[in-house]
Amino acid sequence: LGGVGSANKLDDYEEGTWTPNLTDGSGNSLAQAGQTGHYTKIGNMVYVMFALALSSTSGAGNGLLIGGLPFTVRNVSHGSGEPSGGILTFANNLQSTDFGSGVILRANNASAHLEMKYTPGGAQTSIGGTNLNTSNLSSSTYMTGSCWYSV
């Protein structure tokens with residue numbers, strides 16, 4: 001990184017895999033036909049990518065989460081929101097719902113999961129204020145996404 005001072009030294013870089021698990025807010029899992037995840041950690045920042053394929057939507061309810069993050073999310077907030085960012089980059093076989101500008105992923109403070117939220121088209125009072133629920137998915141939904149967060 002240049003220089004000779006310790007402030008210029010990159011001393012924490014890691015790559016690896018993790019197993020994402022789609023659950024509801026009560027911890028009930030959806031049956032998944034496949035799931036993969038990769039991460040890169042640089043200092044206190046983690047970038048995760050994942051793919052999930054469902055085989056059933058039974059057994060879980062509302063407020064879907066992607067659990068199993070490789071590192072616990074730092075307990076820090078700015079105002080009323082956690083400083084993280086992510087999005088579903090692809091999804092197929094969703095039920096007919098107006099997802100507005102897409103599904104966002106938010107890393108919850110002091111947790112190991114991502115909330116899945118969206119803003120219905122035309123609703124501008126809060127961004128990402130509506131939970132993605134099992135009623136929004138089908139038994140053959142496939143989704144990919146990514147998110148960054150602080151540890």
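**Ground rules.** The model is predicted, so I took local features only at pLDDT of at least 70 and side-chain atom pairs only at pLDDT 80 or more, while totals for chains, interfaces and linings use all residues. I number residues from 1 along each chain as its sequence is written, and side-chain values use heavy atoms, with hydrogens and water left out.

**Entry 1, S138.** I found S138 in the loop between β9 (130–131) and β10 (142–150); strands here are DSSP runs (E, at least two residues), numbered from the N terminus. Is S138 buried or exposed? With a relative accessible area of 14%, S138 is buried (under 20%, with a 1.4 Å probe and protein chains only; exposed would be over 50%). I then listed what S138 touches (heavy atoms within 4.5 Å): leaving aside residues up to four places away in sequence, I got L54, T57, N93 and Q95. For N93, I noted its backbone oxygen 2.7 Å from a polar atom of the S138 side chain.

**Entry 2, strand β8.** Next I turned to β8 (residues 113–118), where 5 of the 6 residues are buried. I looked up its pairings (DSSP must find at least two bridges between two strands).

- β5 (residues 65–67) pairs with β8 in the antiparallel sense over 3 bridges, and G67 has H113 as its bridge partner.
- β7 (residues 103–107) runs antiparallel to β8, joined by 5 bridges, with R106 partnered by E115.
- β9 is also antiparallel to β8, through 2 bridges; here K117 stands opposite N131.

How values were computed: Helices (H or I, at least four residues) and strands (E, at least two) are DSSP runs, numbered from the N terminus. A polar contact is a pair of N or O atoms within 3.5 Å; within protein, one must be able to donate a hydrogen and the other to accept it, and residues adjacent in sequence count only if both atoms are side-chain atoms.
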